[in-house]
Structures are given as C-alpha cells and as structure tokens.
Amino acid sequence: MAGMSAMPAAAQGALSTPSILAPASTPAHEIYSLSQFVLVITGTIFAVVGGLLTFVIIKFHARKTDAGHEPAQIYGSTQVELAWTVIPVLTVVVLFLTTARIIFAIQDAPEPQSALNVTVIGHQFWWEFRYPKLGIVTANELHLPTSSNSAPRPAYLQLLSADVDHSFWVPQLGGKTDLIPDHPNQMWIDPEVAGVYLGQCAQFCGIEHAKMLLRVYVDTPQQFEAWASNQEKPAVDDAAVAAGRQVFESEACANCHTITGTSAHGVFGPDLTHLMSRATIAAGAAYNTPANLRSWIEDPNIFKPGALMPAMQLSDQQVDELVAYLTTLH
Amino acid sequence: MADQTFPIPGTLDVSPSRGVGLLEWLRSWVITVDHKRLGLLYIVYALVFLLVAGGEAMAIRIQLAIPHNHFLSPELYNEFFTMHGTTMVFLVGMTLIFGFGNYLVPLMIGARDMAFPRLNAFSFWMSAFGGLLLYFSFIGGFGLYGMGAAPDVTWWAYAPLTERAFSPGHNTDYWALALIVMGFGTLGAAINTLATAFCMRCRGMTLLRMPLFVWLMVVASADTLIVITPLTAAQVMLIIDRYLGGHFFDTQAGGSATVWMHFFWIFGHPEVYVLILPAFGIASEVIPVFSRKAIFGYPAMVAASVGIAFVSLSVWAHHMFTIGMTSVSNAFFALSTMMVGIPTGIKIFNWVATMWGGKIRFATPMLFCTAFLFQFLCAGLTGIMLAAAPWDWQLHNSYFVIAHFHYTLTGSFVFCFFAAIYYWYPKIIGRMLSETLGKWHFWLFFIGFHMTFDTMHFVGILGMPRSIYTYEPDRGWGTLNMIISVGGLVQATAVLILVWNIVDSFRNGRLAGNDPWDAWTLEWSTPSPPPPYNFATDPVVYSRRPLWDLKHPEDPDWKYER
C-alpha cells in the first residue's frame with residue numbers, strides 16, 4: 001500500500017456503500033432533489049389509492065349476515081371517471097416539467113474553461129483513464145480534484161469502449177452513462193468532498209462483469225497536482241530490479257502492457273507505469289500487495305475466472321524478479 | 001380430460017372411443033387441434049418452465065445470498081440469469097397468456113373453437129420446439145467455455161457482446177434461433193386470437209359486450225403482431241452477422257450497437273404490456289365476480305386497454321436513457337412513459353370502484369387479485385420514478401429496476417395468473433383446488449414476494465448493479481441480499497404447494513359443477529370440463545353478463561348497461 005501512504009488524504013474515511021442517497025457532486029445532488037420531489041408525489045398517490053383500497057377491503061368484505069343478496073349493481077359514472085382521468089393528467093404534466101428541467105440542466109451544461117478532461121475507455125473487464133491534456137494514462141482508479149463554486153474544476157469524461165458495451169457508474173457522483181463502441185458519450189461530475197468513491201460497471205459486458213470495479217479518488221487540488229506530477233514521470237528505473245524488468249520486457253507481458261521508459265508498449269491491458277500508485281489490481285478484484293501480484297501473475301483465474309490475462313507460466317524465480325520489479329513502480 | 005365424462009344432452013360428442021391405450025392417448029394430444037387441449041398444453045408447458053426458471057432463480061439467489069460466494073461459477077451464473085429472463089418472458093409469460101387465451105376466448109365469446117384450429121396447433125408446437133431448442137443448449141451448445149453452454153449474454157443480448165468476436169461457439173445462436181422459432185409460434189397465436197375474437201362471436205356478442213379478458217387478449221395480440229416483427233428481424237440480422245459476414249451490429253466493422261438496442265426495446269417494452277394486459281383481463285373477470293358487482297366503467301376499461309397498447313409503442317427508449325441520447329429525446333421518452341400512468345391509473349380506479357359497495361368474498365383467486373392491485377400500484381409508481389430520466393441514470397440497471405419489473409411481472413402478472421389457475425381450474429379439470437392449500441400458497445408467496453422484491457429496491461438504491469455474479473463484502477449489501485434470498489426460498493415453497501395442490505386436486509378435489517363461483521360469463525354455462533366444441537347450440541347473449549341475465553331475469557344487465 002505504498003502508493004496509498006504517498007497520498008494519505010486521498011483515501012480518507014472507510015470505504016462505504018455507494019448509495020445514491022449520499023450525493024457528492026452537482027449532478028448527483030440535482031438527481032437527488034428530483035428523486036425527493038418524485039417520491040413525495042408518488043408517495044401521496046400511494047397513500048391515497050392504497051388507503052382507498054384498504055378501506056374498500058375492510059368496509060366491503062362479505063359478511064355472513066348478508067348472504068343471499070347481491071349488492072346494488074353500478075355500471076359506471078362519467079363524472080367520477082372524468083375526475084380520475086384529469087387528475088393523473090395534471091400530475092403527469094407537473095412531473096414531466098420538473099423532470100425535463102433537470103434533464104436539460106445536467107445534460108446540456110456547457111463545459112467551462114477550467115474543466116478537466118478525462119477519456120474513459122471500457123475494456124473487458126477493466127477501465128482505462130487517459131488525461132489528454134496532462135499526458136497521463138492510468139487504470140481502474142480515477143483521480144479527480146475537488147471542485148467548488150469558487151474554484152470550479154468539473155471533470156468532463158469522454159466515454160469510449162474498446163470492445164463491448166459498459167457503463168460508468170459511481171452512484172455518489174452522478175448517474176451512469178454507457179460506454180458504447182460506436183457511440184462516444186460524455187458526462188460530467190464535479191466532486192465536492194475529497195475521498196474514495198466506489199462504483200462499478202453497470203452494463204453486462206461478459207463473464208467478469210461483476211469484477212469490473214471502479215474507484216474514484218477525489219483529491220484536494222494540491223493532492224491532485226502531486227498525484228498528476230508523479231504520473232507524468234516515466235517509470236522508476238531501479239537497477240536493483242533490472243532482472244525483473246528484463247523478464248517483463250522479454251516475456252509476453254510487454255505484448256499487452258505499457259511501462260513508459262521501457263520497451264513495453266502493449267495496449268490491451270492496463271498501463272503499469274505507476275502500478276504501485278494504485279490500491280488495487282485486476283479492476284478492484286484484489287488489493288495491490290506483492291502476494292496478490294504474485295498470485296495474479298501465476299494465475300489470474302484465482303481472482304477473476306475468465307479475465308483476459310493468461311496465466312503466465314513463468315518459473316518461480318522469474319515471478320519473484322517480476323514482482324520485485326513491479327513493486328518499485330511508484 | 002382425455003375423454004369426455006360430462007356430455008350434456010344434445011352436445012356433439014366427437015371424442016374418441018373410450019378405453020384407449022396410453023400411446024393412443026398421447027397421440028391424441030399431439031395431433032389435437034382442439035382449442036381447450038392446446039390451451040392446456042400451453043399452460044402445462046408454461047408451468048413446467050415456471051419451475052425450471054424458478055429453479056434457476058433459486059440458484060441465482062443462493063449464489064448472491066452472501067458476498068464472494070462460490071456456489072455458482074461466473075459462467076453458470078451468467079447462463080442462469082440469461083436463461084431465467086428468457087425463459088420467464090418467452091416460455092412462461094407468452095405461453096401462459098396464449099394458454100389461457102386459447103382455452104377461454106372461444107368459450108367466453110360462445111364459439112366452438114378458435115378461428116384456425118390447425119394454425120393453433122402449429123403455433124403451440126412451434127413455441128414448444130423453440131423452448132426445447134433453447135434448453136438443448138445446456139447439453140449441445142458450444143460456447144466460450146466449451147460444451148454444454150447455454151446462452152450467457154443477458155436476455156436483452158446487447159450487441160456487440162453477441163457478435164462472434166465476443167461470443168464464439170453456438171450458445172448465442174441457440175438463443176437467437178429459439179426466439180425466431182417461438183416468434184413464429186407467437187405470431188400464429190396472435191393472429192388466431194384476433195380472428196377468433198373478431199369473427200367467431202356468438203349472436204348478440206357485440207364487441208362492447210365481449211368479456212374484458214377477451215378484449216385484453218385482443219389488445220395484447222394486436223400488440224404482439226406489431227412488436228414480434230422487429231424482434232425477429234433483429235434476430236435474423238444477428239444470425240446474418242454471425243454467419244454471413246453481415247455487419248449490422250458488428251461495431252468493429254462499422255455496425256451499430258445502438259441499432260440493436262432500438263430493435264430490441266421496440267419489442268422489449270411493449271412485450272411487458274403484452275404480458276400484463278391479459279393479466280389485467282384476469283383481474284377484470286375475477287374482481288367483479290368476487291365483489292358481486294358488474295365491472296365499473298367497462299367502456300373506459302376497454303379504451304384504457306387500447307390506449308395502453310398505443311402508448312406502449314412509444315416508450316421503448318426509456319430503457320436507453322443512459323446510452324447518451326439527446327436531451328430532447330430523453331425528455332420525450334420521459335413524457336411518453338409517464339403517460340402510461342394515465343390509462344393504468346384509470347384501470348386501478350375502476351377496479352377499486354368495482355369493489356366499492358360490493359360484498360367481497362376473499363377466496364383464493366380474489367386474494368391474489370387484491371394483492372395484485374397493491375403490487376401493481378407500487379409497480380406503476382416505481383415506473384414513474386424510472387421515467388424521471390435523471391433519476392433513471394442512477395437507477396437504471398440497478399436492483400431497483402429488477403425490483404420494479406418483478407413487481408410487474410411477478411407481483412402483477414404471476415399473481416393474476418395464479419388467480420386464474422384457482423379460478424378456472426374447476427372449469428378446466430372439473431374439480432376445485434383445495435382452498436386451504438390455496439391460502440397457504442397465497443400467504444407464503446405474498447410474504448416471500450415482499451421479502452424479496454421490497455428489499456431489492458433498497459439494495460438498488462445502495463448502488464448494487466444487476467447481472468453481477470458476486471459482490472464485495474465492504475459494500476453493505478450482504479444482509480439485504482440474504483433477506484432477498486430467504487424470501488426467494490419462501491416463494492419457491494409456495495409454488496411447490498401450488499404444484500401439489502394441482503396434482504392432488506386432480507383426483508381428490510371437490511367436484512366443481514358448472515358454475516362454482518356463481519359467475520356471469522359464458523364459459524360457466526358449460527359443464528366442467530366443457531365438452532368438445534363447447535356449446536351444443538350457439539348461445540345468444542343480450543349483455544356483458546349473460547349468466548347474470550339468466551340468474552336475475554327481473555333485473556337484467558341489458559336494461560342498464562351503457
């Protein structure tokens with residue numbers, strides 16, 4: 001967890017339930033207040049109609065005393081039926097206008113100059129994050145700065161997919177938007193409070209859809225700058241672990257993974273340049289510890305049966321060297 | 001049922017000679033073109049698959065009861081939830097509506113059979129074959145993970161996951177082909193229902209005197225005709241993609257993933273109404289009889305049904321609020337979806353008004369229909385929540401949605417069809433189902449249902465997405481999922497009670513007689529079970545409740561009906 005200690009405040013507070021009732025950004029707040037409005041209206045309808053139904057059940061159930069007589073037959077009433085047609089129509093008008101206002105407020109919000117651009121690319125079964133203006137490429141753990149009214153820094157996410165449909169969903173930060181291969185999407189979030197926000201892929205994308213987990217680290221602006229400047233550097237080159245680097249570059253690892261400053265330029269798997277700055281591996285399926293890294297390299301099926309990374313079939317010594325190398329990549 | 005034991009005088013009795021051998025008996029079921037026998041075949045077929053898909057649901061719930069469970073492998077889990085959805089919609093839902101439709105529509109309109117008896121048999125056997133084809137994949141399908149792979153791409157099967165690049169082997173083909181085959185069967189049944197209702201009504205049975213169940217079968221069949229077509233077209237395009245090098249949905253070669261979504265949901269959403277409308281029909285038969293009152297506002301009920309069918313064709317993209325449509329499209333589909341609430345609201349009010357002032361007997365069918373009213377009310381209200389597009393951005397593909405549509409399909413559709421089983425079993429079999437077991441079935445199912453699906457709303461609000469085979473322990477979803485799973489097992493117990501009740505009452509039930517519920521529609525004028533060709537002489541009706549008129553000659557309906 002060395003990466004975590006480098007940025008202590010980014011991980012403040014325990015990981016908690018990703019509840020939509022605990023919004024922490026403008027879109028999430030707007031959705032939350034819309035939901036309360038809708039809840040009040042639907043709750044009222046439920047109370048009225050449910051109450052009516054309960055009353056009818058209690059009042060008009062058959063009693064032993066009145067057996068034999070059929071009740072009065074009533075075939076309908078134009079006035080009453082008109083009333084319970086018009087009232088729902090008016091309710092729908094109110095609900096629709098409120099809903100439409102929020103749709104336009106969130107979806108058509110203009111992108112400010114100060115926005116942070118991030119390209120999110122969905123893969124089976126992990127997330128790639130690219131910060132085009134900062135030249136950063138990372139995976140599975142998205143870092144964003146806090147945004148406030150005085151210093152707005154909303155994140156505008158460009159959503160793409162490398163293979164099948166996925167969906168980006170961090171409930172506390174906003175609604176979900178799908179990542180569709182032929183249909184680039186955009187969404188924005190402006191996190192208010194620093195902390196770790198959990199989410200995961202919300203559109204079935206294959207066998208390991210369940211373990212396509214997502215973390216958003218919301219940093220204070222200073223922490224974010226520190227994180228970004230570290231990410232912009234090439235990988236640590238420590239001569240003590242040159243053997244591990246040699247394994248990485250000469251074995252199949254390099255076909256799929258990139259480590260800047262080495263000959264590894266693969267693009268099918270996560271960028272590992274700053275692997276140790278991440279708390280988890282395998283899109284959140286396991287914590288990023290040397291022991292887990294080792295197991296993952298030996299057989300990814302232990303954490304994620306069906307993950308597209310193959311078991312690497314390396315000797316114990318090669319794995320030792322490789323893990324030693326990877327754990328230097330802060 | 002094999003041969004007729006209640007021939008009424010003057011009935012045309014064409015049943016085969018008595019004392020036939022087993023093989024001949026079986027053959028008679030295979031070659032039958034009798035609407036009642038085909039209806040029964042549909043119903044039994046649906047109930048068998050209800051047990052199968054229910055079993056899949058139980059396996060899913062055991063897997064999800066605790067976090068990081070290893071009861072099912074990810075492959076098997078994905079197959080099970082795909083098959084659960086596909087089976088429940090196509091093999092249980094569609095077959096149940098056309099089963100009861102087949103059995104009841106001719107009886108209710110005073111006809112002697114469906115309009116096209118052979119088409120009827122063809123439709124059933126196509127549907128049956130489609131179901132077997134789908135389930136054969138468990139043995140013969142070759143998928144990403146070897147032999148014996150059932151479809152594992154979800155029941156909405158979004159492209160490009162279904163393309164060969166991501167779904168090699170044949171399990172997706174089984175899914176697509178089975179749906180094409182069943183689609184033809186369904187189209188046949190829909191055409192037949194429409195032709196029967198429009199051309200075979202007895203004298204005096206004007207369109208506005210048809211029982212509401214028949215009306216709703218008509219509306220559902222018309223909707224079916226419209227929406228099965230795009231589904232079949234999409235499956236054909238998918239097969240062309242997979243085998244003939246087409247690129248309709250192949251995004252790697254310029255195809256479009258969103259086109260599949262439009263094709264699928266222009267089918268998929270109206271499909272929900274196709275299922276729920278006949279359930280409304282059942283409620284509209286059961287509630288008046290057990291409240292001892294005529295249905296309140298019959299013309300409005302018919303108009304609302306037709307209205308729902310029309311509106312249902314313009315709401316499909318509310319399944320797609322998260323795919324990045326324009327804000328104007330999102331607003332349009334939010335509005336059209338909310339508008340569904342108006343005709344459905346009218347229906348709920350009319351049912352309550354029917355009960356108002358009645359003398360309600362809470363026999364098992366009425367218990368199920370009363371619970372249906374509550375649950376359908378809730379389903380409608382959560383539907384309004386999901387129609388509020390921004391809120392849907394949060395709730396979409398979460399367990400809240402699962403809860404919502406199970407409130408519709410279990411809490412409303414299944415509850416109504418359970419009511420139908422208790423209500424019409426005496427007519428179909430000639431014996432009553434046990435009322436004691438019926439009450440046990442109802443209360444257990446009711447409690448289990450609410451344990452499961454009420455809780456699912458909350459776990460969805462807490463951020464749990466659907467289609468995941470496991471979840472992390474730190475998410476705080478563990479306890480709720482345990483409650484959901486226990487509720488599932490309670491429902492399973494209740495269904496087993498129903499199965500026992502059906503089997504046991506077949507031999508030991510109290511004899512029903514023609515009209516055990518003191519009901520008013522034509523099917524209750526025939527013996528139980530009705531003889532072949534139903535009516536010895538064509539009935540003549542003067543109102544919506546012909547048997548009421550006979551029972552109350554001093555106060556007949558035709559004097560008052562609007």
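Reader: How many bridges join strand β1 of chain A to strand β5 of chain A?
Author: Seven bridges link β1 (residues 116–123) with β5 (residues 155–161), and the two run parallel. Strands here are DSSP runs of E of at least two residues, and helices are runs of H or I of at least four, both numbered from the N terminus. Within that pairing, T119(A) is opposite Q158(A) in β5(A).

Reader: What kind of model is this?
Author: The model is predicted: local features need pLDDT of at least 70 and side-chain atom pairs count only at pLDDT 80 or more, while totals for chains, interfaces and linings use all residues. Residues are numbered from 1 along each chain as its sequence is written, and chains are lettered from A and ligands numbered from 1 in the order in which they are written.

Reader: Back to the strands. What is the order in the open sheet of five strands?
Author: The order is β3-β2-β1-β5-β8 in chain A, and the pairing is mixed. Two strands pair if DSSP finds at least two bridges between them. The edges are β3 (136–139) and β8 (185–189) of chain A, each of which pairs on one side only. From one strand to the next, the twist averages 25 degrees.

Reader: And β9 of chain A, how many of its six residues are buried?
Author: Five of the six are buried, which leaves β9(A) (residues 195–200) mostly covered. A residue is buried if 20 or more other C-beta atoms lie within 10 Å of its own, exposed if 12 or fewer, and partly exposed in between, with C-beta atoms placed from the backbone. β9(A) pairs with β10 (residues 213–219) of chain A in the antiparallel sense, over six bridges. One partner in β10(A) is R215(A), which bridges to L198(A).

Reader: What about chain A overall: how many helices and strands?
Author: Chain A has eight helices and 12 strands. Of its 330 residues, 46% are buried.

Reader: What is the radius of gyration of chain A?
Author: The value for chain A is 27 Å, whereas a compact globule of 330 residues would have one near 20 Å. The radius is taken over C-alpha atoms, and the globule rule is 2.2 Å times the number of residues to the power 0.38. Along the principal axes, the C-alpha trace of chain A spans about 95 × 50 × 40 Å.

Reader: How do the axes of α7 and α8 of chain B cross?
Author: The axes of α7(B) (residues 257–291) and α8(B) (residues 298–312) come within 9 Å and cross at roughly 170 degrees. That makes the two helices roughly antiparallel. By class, their contact has seven nonpolar, four polar and no charged residues. An axis is a line fitted to C-alpha atoms, for helices over the stretch in contact, and angles run from 0 to 180 degrees between N-to-C directions. Angles under 35 degrees count as roughly parallel, over 145 as roughly antiparallel, 65 to 115 as roughly perpendicular and the rest as oblique. Ala, Val, Leu, Ile, Met, Phe, Trp, Tyr, Cys and Pro count as nonpolar, Asp, Glu, Lys and Arg as charged, and the others, Gly among them, as polar.

Reader: How many residues does the contact take from chain B and from chain A?
Author: The contact takes 75 residues from chain B and 74 residues from chain A. On the side of chain B that touches chain A, α10(B) gives the largest share, eight residues. That side divides into 43 nonpolar, 23 polar and nine charged residues.

Note on methods:
Two residues are in contact if their C-beta atoms, placed from the backbone, lie within 7 Å.
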